[in-house]
Amino acid sequence: MKDGGEMIGQSDVMQALEQAIKLVAPSDFAILIEGETGVGKELVARMLHQTSLRSASPMVYVNCAAIPHHLIESELFGHVKGAFTGADRDRQGKFLLADGGTLFLDEIGELPLEVQGTLLRAIQNQEIQAVGKDQVRKIDVRIIAATNRHLETEVSEQRFRADLFHRLSVFPIQVPALRHRQGDIPLLAGFFAERFRRKLGLQQLTLSSSAIGLLETYHWLRNVRELEHVISRAALFAKADIPSGITVISKNHLKGLQIDRGEKEGVQNTITTERYSTAKESH
C-alpha cells in the first residue's frame with residue numbers, strides 16, 4: 001500500500017483482494033485476515049477501516065501476542081482501581097477506546113484459551129465488564145482480527161475455540177504471499193526505492209534490470225516486509241557508491257539474498273506443500 005492507503009499491485013490475486021475489501025468494508029461484518037508473516041495484514045485492516053462507515057472513529061490496535069496472559073482481560077475490557085495488585089487507578093480497555101469504531105486484534109491465534117470465551121461473549125453481546133466491576137457496559141465495536149496461523153487447524157487441535165473462530169470469520173480475507181503476486185515485485189521495489197530516495201536525500205534512485213531480475217526470482221519467505229528491508233539496505237549501499245546524480249541500485253547492492261542451506265530447505269518445503277495442496281484440490 002502507498003502511504004495514503006492505496007494498495008500497490010496489479011496481479012490477479014491483488015485485484016481479487018481489492019475487490020474483497022471494497023465489498024466487505026462498508027458492512028459491519030467481523031473479518032478474519034489470514035496470511036503469512038510480512039504480507040501486510042495490518043495494512044489491509046487499516047484500509048478496511050478507512051473505507052468503512054466507521055472511518056471517522058478510531059481503529060484501536062491490539063497485539064494479542066505481546067500482552068502478558070494475566071493482563072489480557074484488563075487490556076481488552078479495562079479495570080477499576082484495586083481490581084488486582086498494581087491497579088492503582090481506573091483504566092479503560094481497548095474495547096471502550098474503540099467504541100463506535102474498529103478494534104483490530106492482531107495475532108489473534110496467540111490468545112490463550114481461558115480468555116477466548118470472555119472475548120466471544122463481548123463480541124456476541126456487544127457488552128463488556130471491566131475487571132473488578134459488577135456492571136456491564138454496552139459498546140458498538142466492529143472486530144477485525146488477523147493471524148499467521150491456520151486457525152482451522154488450531155480449532156481441530158483444540159488450541160482455539162470453534163465458536164470464536166466462526167464468530168470472527170464471518171468474512172475471511174486471505175492476503176497473498178509475495179511469491180504468488182506475479183508482476184508486483186518491480187512495482188513494490190520501485191515504491192520502496194522512491195521512499196528511501198526521499199529519506200536519504202538523493203536526487204534520483206533507480207534499480208538496474210539485473211537487480212529487478214534477481215528480486216523477481218527470489219522466494220521472499222518473509223514477504224513484503226523482507227523486500228522493504230532489502231531495498232532499504234541496497235539504497236544505502238548504492239548511495240555510498242554513487243552519492244549524487246542518478247544513483248542506481250545494482251544486483252551487487254542487494255545484500256542478504258544469498259539462500260543458505262536451511263533457507264533452501266524451507267523454500268523447498270513451502271513449494272512442495274503448496275504443490276501438494278493444489279494437486280489435492282484438483283482431485
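**View 1. D12 at the surface, in helix α1.** D12 is exposed, with a relative accessible area of 66%, where exposed means over 50% relative accessible area, buried means under 20%, and partly exposed covers what lies in between (1.4 Å probe, protein chains only). This residue is found in helix α1, which spans residues 12-24; helices (H or I, at least four residues) and strands (E, at least two) are DSSP runs numbered from the N terminus. Although D12 and R181 are 169 residues apart along the chain, their C-alpha atoms are separated by 7.6 Å. The model shown is predicted, so that local features need pLDDT of at least 70 and side-chain atom pairs count only at pLDDT 80 or more, while totals for chains, interfaces and linings use all residues. Residues are numbered from 1 along each chain as its sequence is written, and side-chain values use heavy atoms, with hydrogens and water left out.

**View 2. The chain as a whole.** The chain holds 11 helices and 9 strands, and buried residues make up 45% of its 283 residues. Of the contacts in the chain with a separation of 6 or more, 74% are between residues 24 or more positions apart, a contact being heavy atoms within 4.5 Å.

**View 3. R54 and its surroundings.** R54 is found in the loop between α2 (41-50) and β2 (59-63), and it counts as buried because its relative accessibility is 9%. The side chains of R54 and D28 are joined by a polar contact of 2.9 Å; such a contact is a pair of N or O atoms within 3.5 Å, where within protein one must be able to donate a hydrogen and the other to accept it, and residues adjacent in sequence count only if both atoms are side-chain atoms. A polar atom of the R54 side chain also lies 3.3 Å from the backbone oxygen of G100. Not counting residues up to four places away in sequence, R54 touches D28, H49, G100, G101, T102, D140, V141 and R142.

**View 4. E75 in helix α3.** E75 lies in helix α3, residues 72-77, and is buried, with a relative accessible area of 19%. Leaving aside neighbours within four places in sequence, E75 is in contact with I67, R91, G93 and K94.

**View 5. Helix α8 against helix α10.** The axes of helix α8 (residues 185-200) and helix α10 (residues 223-241) come within 9 Å and cross at roughly 50°, the axes being lines fitted to C-alpha atoms, for helices over the stretch in contact, with angles running from 0 to 180 degrees between N-to-C directions. That angle makes α8 oblique to α10, since angles under 35 degrees count as roughly parallel, over 145 as roughly antiparallel, 65 to 115 as roughly perpendicular and the rest as oblique. The contact is made by I185, L188, A189, F192, A193, R195, F196 and L200 of α8 together with V224, L227, E228, I231, S232, A235, L236 and K239 of α10. By class, this contact of α8 with α10 has 12 nonpolar, 1 polar and 3 charged residues, where Ala, Val, Leu, Ile, Met, Phe, Trp, Tyr, Cys and Pro count as nonpolar, Asp, Glu, Lys and Arg as charged, and the others, Gly among them, as polar.

**View 6. Helix α8 against helix α9.** The axes of α8 and helix α9 (residues 209-217) come within 9 Å and cross at roughly 120°, which makes α8 oblique to α9. Here I185, P186 and A189 in α8 meet I212, L215 and E216 in α9.
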